[in-house]
Amino acid sequence: MPSQAEISSELKLMVGAVCTVVFEFFCGHILEIFKIKRQTTDKSVAEIYELLTANKGIIGIWDGFVPWGFLMALCKGASFSYGHQLAYNTLRSVHWIGAFCSLQTLDIIASGFGGFFQGIIMSPLLLLKTRVITHDKFRTLS
(Lines give C-alpha, C1' and ligand atoms only; values in the text may rest on other atoms or scores of the structure.)
Protein backbone atom coordinates (compact mmCIF):
# COMPACT_ATOMS: atom_id res chain seq x y z
CA MET A 1 0.00 0.00 0.00
CA PRO A 2 1.47 3.38 -0.96
CA SER A 3 2.13 5.95 1.73
CA GLN A 4 0.04 9.10 1.84
CA ALA A 5 2.90 11.10 0.33
CA GLU A 6 2.83 8.82 -2.74
CA ILE A 7 -0.89 9.23 -3.43
CA SER A 8 -1.67 11.74 -6.17
CA SER A 9 -4.11 14.59 -5.57
CA GLU A 10 -6.20 13.46 -8.54
CA LEU A 11 -6.58 9.92 -7.17
CA LYS A 12 -7.57 11.25 -3.76
CA LEU A 13 -10.08 13.58 -5.48
CA MET A 14 -11.76 10.62 -7.23
CA VAL A 15 -11.80 8.37 -4.15
CA GLY A 16 -13.18 11.15 -1.96
CA ALA A 17 -15.87 11.97 -4.51
CA VAL A 18 -17.02 8.35 -4.91
CA CYS A 19 -17.07 7.67 -1.15
CA THR A 20 -19.08 10.81 -0.47
CA VAL A 21 -21.61 10.09 -3.24
CA VAL A 22 -22.21 6.59 -1.82
CA PHE A 23 -22.59 7.94 1.74
CA GLU A 24 -24.91 10.76 0.65
CA PHE A 25 -27.09 8.35 -1.34
CA PHE A 26 -27.61 5.93 1.53
CA CYS A 27 -28.09 8.34 4.45
CA GLY A 28 -26.54 11.81 4.11
CA HIS A 29 -29.06 13.27 1.66
CA ILE A 30 -31.99 11.96 3.70
CA LEU A 31 -30.61 13.40 6.94
CA GLU A 32 -29.98 16.78 5.30
CA ILE A 33 -33.52 16.96 3.96
CA PHE A 34 -34.97 16.16 7.39
CA LYS A 35 -32.66 18.73 9.01
CA ILE A 36 -33.52 21.51 6.57
CA LYS A 37 -37.25 20.77 6.68
CA ARG A 38 -37.18 20.78 10.51
CA GLN A 39 -35.38 24.13 10.48
CA THR A 40 -37.73 25.75 7.97
CA THR A 41 -41.11 24.36 9.11
CA ASP A 42 -42.93 23.59 12.33
CA LYS A 43 -43.61 20.00 11.26
CA SER A 44 -42.49 16.95 13.21
CA VAL A 45 -40.17 14.32 11.73
CA ALA A 46 -43.16 12.00 11.22
CA GLU A 47 -45.07 14.73 9.35
CA ILE A 48 -42.03 15.47 7.18
CA TYR A 49 -41.67 11.76 6.39
CA GLU A 50 -45.35 11.58 5.41
CA LEU A 51 -44.96 14.69 3.24
CA LEU A 52 -41.90 13.29 1.45
CA THR A 53 -43.43 9.87 0.83
CA ALA A 54 -47.04 10.91 0.10
CA ASN A 55 -46.80 10.99 -3.71
CA LYS A 56 -43.90 8.70 -4.60
CA GLY A 57 -43.64 6.35 -1.63
CA ILE A 58 -40.23 5.66 -0.12
CA ILE A 59 -38.55 6.87 -3.33
CA GLY A 60 -39.80 10.36 -2.46
CA ILE A 61 -37.10 10.57 0.20
CA TRP A 62 -34.49 10.72 -2.57
CA ASP A 63 -36.45 13.39 -4.43
CA GLY A 64 -33.90 16.02 -5.36
CA PHE A 65 -30.89 13.71 -5.04
CA VAL A 66 -30.54 13.71 -8.81
CA PRO A 67 -29.05 16.09 -9.82
CA TRP A 68 -28.73 18.30 -6.72
CA GLY A 69 -27.71 15.80 -4.04
CA PHE A 70 -25.36 14.02 -6.42
CA LEU A 71 -23.69 17.30 -7.39
CA MET A 72 -23.35 18.32 -3.75
CA ALA A 73 -21.85 14.98 -2.73
CA LEU A 74 -19.44 15.01 -5.63
CA CYS A 75 -18.26 18.53 -4.82
CA LYS A 76 -18.12 17.88 -1.07
CA GLY A 77 -15.93 14.79 -1.23
CA ALA A 78 -13.78 15.88 -4.15
CA SER A 79 -13.05 19.36 -2.83
CA PHE A 80 -12.02 18.18 0.64
CA SER A 81 -9.91 15.28 -0.62
CA TYR A 82 -8.19 17.37 -3.28
CA GLY A 83 -7.54 20.30 -0.92
CA HIS A 84 -6.22 17.97 1.79
CA GLN A 85 -3.84 16.10 -0.50
CA LEU A 86 -2.64 19.27 -2.21
CA ALA A 87 -1.88 20.87 1.17
CA TYR A 88 -0.23 17.68 2.47
CA ASN A 89 2.03 17.40 -0.57
CA THR A 90 2.92 21.09 -0.35
CA LEU A 91 3.71 20.93 3.37
CA ARG A 92 5.83 17.80 2.90
CA SER A 93 7.85 19.55 0.20
CA VAL A 94 8.87 22.32 2.62
CA HIS A 95 11.95 20.78 4.23
CA TRP A 96 12.19 22.89 7.39
CA ILE A 97 8.63 21.98 8.45
CA GLY A 98 9.77 18.39 9.10
CA ALA A 99 11.95 19.66 11.95
CA PHE A 100 8.90 21.03 13.78
CA CYS A 101 6.04 18.71 12.81
CA SER A 102 5.46 14.97 12.67
CA LEU A 103 3.62 13.41 9.72
CA GLN A 104 0.48 13.15 11.87
CA THR A 105 0.66 16.85 12.64
CA LEU A 106 1.11 17.64 8.94
CA ASP A 107 -1.93 15.49 8.20
CA ILE A 108 -4.00 17.43 10.75
CA ILE A 109 -2.86 20.77 9.32
CA ALA A 110 -3.58 19.55 5.79
CA SER A 111 -7.08 18.49 6.93
CA GLY A 112 -7.70 22.08 8.01
CA PHE A 113 -6.69 23.31 4.58
CA GLY A 114 -8.91 20.63 3.02
CA GLY A 115 -11.85 21.84 5.08
CA PHE A 116 -11.11 25.44 4.11
CA PHE A 117 -11.02 24.50 0.43
CA GLN A 118 -14.24 22.53 0.84
CA GLY A 119 -15.91 25.52 2.52
CA ILE A 120 -15.07 27.82 -0.37
CA ILE A 121 -16.53 25.38 -2.88
CA MET A 122 -19.54 24.28 -0.82
CA SER A 123 -20.92 27.55 0.58
CA PRO A 124 -22.74 28.68 -2.57
CA LEU A 125 -23.85 25.12 -3.30
CA LEU A 126 -25.33 24.69 0.20
CA LEU A 127 -27.35 27.86 -0.28
CA LEU A 128 -28.60 26.50 -3.58
CA LYS A 129 -29.49 23.13 -2.03
CA THR A 130 -31.41 24.80 0.80
CA ARG A 131 -33.42 26.77 -1.74
CA VAL A 132 -34.11 23.64 -3.77
CA ILE A 133 -35.25 21.64 -0.73
CA THR A 134 -37.48 24.38 0.66
CA HIS A 135 -39.20 25.20 -2.66
CA ASP A 136 -41.14 22.31 -4.20
CA LYS A 137 -41.07 23.76 -7.72
CA PHE A 138 -37.29 23.11 -7.90
CA ARG A 139 -37.55 19.47 -6.79
CA THR A 140 -39.85 18.08 -9.47
CA LEU A 141 -38.28 16.13 -12.30
CA SER A 142 -40.94 17.04 -14.90
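Which residues do ring pairs link into a cluster? They are Phe-25, Phe-26, Trp-62 and Phe-65.

Some housekeeping before the details. This is a predicted model, in which local features need pLDDT of at least 70 and side-chain atom pairs count only at pLDDT 80 or more, while totals for chains, interfaces and linings use all residues. Residues are numbered from 1 along each chain as its sequence is written, and side-chain values use heavy atoms, with hydrogens and water left out.

I'll take helix H1 to begin with. Helices here are DSSP runs of H or I with at least four residues, numbered from the N terminus. H1 covers residues 9–40, 32 residues in total, yet its end C-alpha atoms are only 38 Å apart. A straight helix would reach 46 Å, taking 1.5 Å times one less than the number of residues. H1 bends by about 65 degrees at Glu-24; the bend is the angle between axes fitted to the seven residues ending there and the seven starting there.

Now the rings. The whole structure has 5 aromatic pairs, meaning Phe, Tyr or Trp rings (six-membered ring for Trp) with centres within 6.5 Å; planes under 30 degrees apart are stacked, over 60 edge-to-face, the rest tilted. Phe-25 and Phe-26 pair edge-to-face, at 5.1 Å between centres and 85 degrees between planes. Phe-25 also pairs edge-to-face with Phe-65, at 5.5 Å and 65 degrees.

Lastly, exposure: buried is under 20% relative accessible area, exposed over 50%, partly exposed in between, with a 1.4 Å probe and protein chains only. Phe-65 is buried at 5%, Phe-25 is partly exposed at 33%, and Phe-26 is exposed at 60%.

Note on methods:
Helix = DSSP H or I, 4+ residues; strand = E, 2+ residues; numbered from the N terminus.
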